[in-house]
Amino acid sequence: MMDYKKAGVDIEAGYKSVELMKEHIKKTMRPEVLTNIGGFSGAFSMSAFKDMEKPTLVSGTDGVGTKLKLAFVMDRHDTVGIDCVAMCVNDIACAGGEPLFFLDYIACGKNVPEKIAGIVKGVADGCEQSEAALIGGETAEMPGFYPEDEYDLAGFAVGVVDEKDLITGKELKAGDVLIGMASSGVHSNGFSLVRKVFEITKESLNTYYEELGNTLGEALLAPTKIYVKALKEIKKAGVKIKGCSHITGGGFYENVPRMLNDDVCAVIEKGSYPVPPIFKMLAEKGQIDEKMMYNTYNMGIGMIVAVDPADADRTMEAMRAAGEEPYRIGRIESGEKGVSLC
């Protein structure tokens, strides 16, 4: 007799992983959530933002990428969920939005309930940091498609902003100040190159480096910072953020121009903040030239905001109050849309 279990899909394991993840999901709940985990869909009340003049939904979707390969080798699965949430909610916050809820999608070769619950714990941690409710998700067991000990993780977030508070870059002008917030390291981009430079084995990832202050694996697996709270604090301080850029894949060269209008360019001073040692190590070991580094990685700055010079100090205070490390890293000038690093 053939059945689904013999075909490689364990329905019981699916039930067990849902039970195990419930305690993590519970801590992300918001009063607007109207459904329990396990239903066919997640319902979220719009009552919280019905008083906005023009409530506007903003959404983001992303995955963790090949950083997951490191999690597999290290058998450490409780932080990649934070990366998954961060990649989505930071993009929403960049537009001025407040993340409301998040859904995750895990596809795996074999459902090991404790492992799936560990991944979801990370997702819940990220949701807690960004005050988004983890409202639903899907674990797909796909034998023969993924190796038994591998999985993919992606997510989707929805946020809201009053149309008048959208950060568009339209009002940017020469003289505005660029303030960057420190990253925690490589975040979740450029790992295909990382994996070419470093040997991704248990032994090499568990090697301690004095200059990193921890093992290579810990430095590389450090979860992406979530900047939602900091951007909320800036708004609360009464500062208008004129432009905002989440430094993800494509580094400075690709992401900074995305926040600009056609009449201005951004000038960034490379020496204005410390570049974390992991990037220096990566560049030296991989013999990667400087331009390629700034075109691939965040180089120590995960999020950049542009504000009026009169608001610079207040902005930095708000960032510090949210637990972030701010640096004044450059300015806006008149000219053709683009970015120059000096």
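Predicted model: local features only at pLDDT ≥ 70, side-chain atom pairs only at ≥ 80, totals over all residues.
## Burial and the basis of the model

Throughout this report, buried means under 20% relative accessible area, exposed means over 50%, and partly exposed covers what lies in between, with a 1.4 Å probe and protein chains only.

Residues are numbered from 1 along each chain as its sequence is written, and side-chain values use heavy atoms, with hydrogens and water left out.

## Aromatic pairs

A pair of aromatic rings is described by the distance of the centres and the angle of the planes. Here, rings of Phe, Tyr and Trp (its six-membered ring) pair if their centres lie within 6.5 Å; planes under 30 degrees apart count as stacked, over 60 as edge-to-face and the rest as tilted. This rule gives six aromatic pairs. In one of them, Phe44 and Phe101 have ring centres 5.1 Å apart and planes at 45 degrees, so the pair is tilted. Phe44 sits in the loop between α1 (11-26) and β1 (55-63) and Phe101 in strand β2 (residues 98-108), so the pair ties together parts that are 57 residues apart in sequence. The elements named here are DSSP runs, numbered from the N terminus: helices (H or I, at least four residues) and strands (E, at least two). Phe44 is buried, with a relative accessible area of 14%, and Phe101 is buried too, at 17%.

Our opening residue belongs to another pair: the ring centres of Phe279 and Tyr297 are 6.0 Å apart and the planes stand at 50 degrees, so this pair is tilted. Distant parts of the chain are linked by it, with Phe279 in helix α10 (residues 277-286) and Tyr297 in the loop between α11 (290-294) and β10 (301-307), 18 residues apart. Tyr297 counts as buried, at 1% relative accessibility.

## Charges over rings

A charge sits over a ring if NZ of Lys or CZ of Arg is within 6 Å of the ring centre and within 35 degrees of the ring normal. Lys291 lies over the face of Tyr253, 4.8 Å from the ring centre, and Lys270 over the face of Tyr294, at 5.9 Å.

## Around helix α10

Within α7 you will find Ala219, which is buried with a relative accessible area of 11%. Leaving aside residues up to four places away in sequence, Ala219 touches Leu212, Asn214 and Ile278, where contact means heavy atoms within 4.5 Å.

## Positive phi

Most residues other than glycine have a negative phi, and most peptide bonds are trans. Just after α10, Gln287 takes a positive phi of about 50 degrees; Gln287 is exposed, with a relative accessible area of 74%. Asp75, not a glycine either, has a positive phi of about 50 degrees. Asp75 lies in the loop between α2 (68-74) and α3 (80-94) and counts as exposed at 52% relative accessibility.

## Pockets and a cavity

On a 1 Å grid over the protein atoms alone, a cavity is a set of points where a 1.4 Å probe fits but cannot get out, and a pocket is an open set with protein on both sides within 12 Å along at least five of seven lines; lining residues have an atom within 4 Å of a point. Grid points are joined across faces, edges and corners, and a volume is the space filled by probe spheres set on the points. The largest pocket has a volume of about 660 Å³. Its lining has 29 residues, with Val18, Gly38, Gly137, Glu138 and Thr139 nearest the centre, and β3 gives the most, eight residues.

The second largest pocket has a volume of about 390 Å³. Of its 19 lining residues, Gly96, Val161, Asp165, Leu231 and Lys235 are the closest to its centre. One cavity of 30 Å³ or more turns up in a search of the whole structure, and about 50 Å³ of space lies in the largest cavity. Helix α4 (residues 113-130) supplies the largest share of the largest cavity's lining, three residues.
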